[in-house]
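I open the notebook on aromatic rings. The entries below follow the order in which I looked things up.

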Amino acid sequence: QVQLVESGGGLVQPGGSLKLACAASGSIFSSSPMDWFRQAPGKQREFVAGITHFGTTNYADSVKGRFTISRESAKNSVYLQMNNLKPEDTAVYYCHADFPNSWGQGTQVTVSS
């Protein structure tokens, strides 16, 4: 089983930036697509960004041009650089591995003045 541990969340003003990190255990990381999801209060969990083991990326329309997902195989890690943050980006952000299906515990991101 893959263990995923997120870090990097916090409180930031609108227009600010944060970089989330997800550390994965297990050799499956190198071949598994990885994703970031988020869940705001009272809303369903939604897809934010994904990256294949080849490095191909895709994004939700709401974050295109502002968020960048990347991965570093040597550190078994995936990152989410978030720029120009908006209040509607406030949510718990979760790291997800496709194979095997695994979730991290989540990290809170709050965008507020």
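I count a charge as sitting over a ring if NZ of Lys or CZ of Arg is within 6 Å of the ring centre and within 35 degrees of the ring normal. I looked up Arg45 on that basis: its charged end sits over the ring of Trp103, 4.6 Å from the centre. The charged end of Lys19 sits over the ring of Tyr79, 4.8 Å from the ring centre.

I note that this is a predicted model, where local features need pLDDT of at least 70, side-chain atom pairs count only at pLDDT 80 or more, and totals for chains, interfaces and linings use all residues. Residues are numbered from 1 along each chain as its sequence is written, and side-chain values use heavy atoms, with hydrogens and water left out.

Next, ring pairs. I take rings of Phe, Tyr and Trp (its six-membered ring) as paired if their centres lie within 6.5 Å; planes under 30 degrees apart count as stacked, over 60 as edge-to-face and the rest as tilted. I searched the whole structure and found three aromatic pairs. Phe37 and Phe47 are edge-to-face, because their ring centres are 5.7 Å apart and their planes stand at 80°.

I then checked accessibility (buried is under 20% relative accessible area, exposed over 50%, partly exposed in between; 1.4 Å probe, protein chains only). Phe37 is buried at 17%, whereas Phe47 is partly exposed at 26%.

Phe37 also pairs with Trp103: the centres are 5.0 Å apart and the planes at 65°, so this pair is edge-to-face. Trp103 is partly exposed, at 36% relative accessibility.

Last entry: ring pairs link Phe37, Phe47, Tyr94 and Trp103 into a cluster.
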